[in-house]
Amino acid sequence: MENKDNIQIVCDYLFEIEDIMRELEIEINNLYVCQPDDIALSVEKINEYRNYTDELFEEVYKICDEDETGNLRKAVKAVCDRKEIDDDFCNVYEAGQEINAVAYRIVNLIPRVSDRLTRQKEKTLQEIKDNNGSQSAHASKYYAAVNNDLNNYHFSRKSRSI
């Protein structure tokens, strides 16, 4: 396959990855505001997006392996200066930079979302403890009944028989 064809294919993959990562960013943002019951669904979607982008990147790197110069991989990773990239790989480099920008925003969202999920977990655990400790809780009633019955039984020396 010709180098220009590879560049176009890689660009198409990178544009698709960028779109998916933007959806991923939206879903991670959703984790910050969604209802507790929807957290599992959001996490499932996030994992699907991640798996799909991993598959696409795998395809991109297979194509990059075909480039003997290494310029295509260098442009895809976009970790160097623009002036270090040949003009033929300009579109690939820019697509890689867009992906890096979305990834950077996602990385900055994660601590905020993680904090929210930790607070939600603590709140839910406290609600469970409060519900189980209240007088209306079934577990509390059984616990109290068992404790009262056990405390009422005592065996004196006179009542014991062997």
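Student: Leaving aside neighbours within four places in sequence, which residues is C80 in contact with?

Tutor: In this predicted model, C80 is in contact with K74, I85 and Y93 once those sequence neighbours are left aside.

Student: Is C80 buried or exposed?

Tutor: C80 counts as buried, because its relative accessible area is 15%, and the cut-off for buried is under 20%.

Student: Ok, zooming out, how many helices and strands does the chain have?

Tutor: The chain has five helices and zero strands, so that reading along the sequence gives the pattern α-α-α-α-α. Of the 162 residues in the chain, buried ones make up 28%.

Student: What about contacts in the chain between residues at least 6 apart, how many of those join residues at least 24 apart?

Tutor: Among contacts between residues at least 6 apart in sequence, 61% join residues that are at least 24 apart.

Student: Where is the place of E25, and is it buried or exposed?

Tutor: E25 has its place in helix α1, and it is buried, with a relative accessible area of 14%. Not counting residues up to four places away in sequence, E25 touches V102, R105, I106 and L109.

Student: Switching to the largest nonpolar core, which residues touch the most other members?

Tutor: That core holds 32 residues, and V10, L14, L72 and V92 are the ones that touch the most other members. The elements giving two or more residues to this core are α1 (3-33), α2, α3 (71-77) and α4 (90-133), and α1 gives the most, with ten residues.

Student: What does V92 touch, then?

Tutor: If we do not count residues up to four places away in sequence, V92 touches I7, V10, C11, L14, L72, A75 and V76.

Student: Now α2, how far apart are its end C-alpha atoms, and what should it span?

Tutor: Helix α2 covers residues 39-66, which is 28 residues, and at 1.5 Å a residue it should span 40 Å. The end C-alpha atoms of α2 are 41 Å apart, which agrees with that expectation.

Student: Which residues of α2 are buried?

Tutor: The buried residues of α2 are I39, S42, I46, T53, L56, V60, I63 and C64.

Student: Last topic, what volume does the largest pocket have, and which residues lie nearest its centre?

Tutor: The largest pocket has a volume of about 280 Å³, and it is lined by 14 residues, of which L24, I28, I46, I106 and I110 lie nearest its centre.

Student: Which helices supply the lining of the largest pocket, and how do its residues divide?

Tutor: α1, α2 and α4 each supply at least two residues of the lining, and the largest share, six residues, comes from α4. The lining residues divide into eleven nonpolar, two polar and one charged.

Technical notes
Residues are numbered from 1 along each chain as its sequence is written. This is a predicted model: local features need pLDDT of at least 70, side-chain atom pairs count only at pLDDT 80 or more; totals for chains, interfaces and linings use all residues. Side-chain values use heavy atoms; hydrogens and water are left out. Helices (H or I, at least four residues) and strands (E, at least two) are DSSP runs, numbered from the N terminus. The expected span of a helix is 1.5 Å times one less than its number of residues. Buried means under 20% relative accessible area, exposed over 50%, partly exposed in between (1.4 Å probe, protein chains only). A nonpolar core is a set of buried Ala, Val, Leu, Ile, Met, Phe, Trp, Tyr and Cys residues joined through side-chain atoms within 4.5 Å. Contact means heavy atoms within 4.5 Å. On a 1 Å grid over the protein atoms alone, a cavity is a set of points where a 1.4 Å probe fits but cannot get out, and a pocket is an open set with protein on both sides within 12 Å along at least five of seven lines; lining residues have an atom within 4 Å of a point. Grid points are joined across faces, edges and corners, and a volume is the space filled by probe spheres set on the points. Ala, Val, Leu, Ile, Met, Phe, Trp, Tyr, Cys and Pro count as nonpolar, Asp, Glu, Lys and Arg as charged, and the others, Gly among them, as polar.
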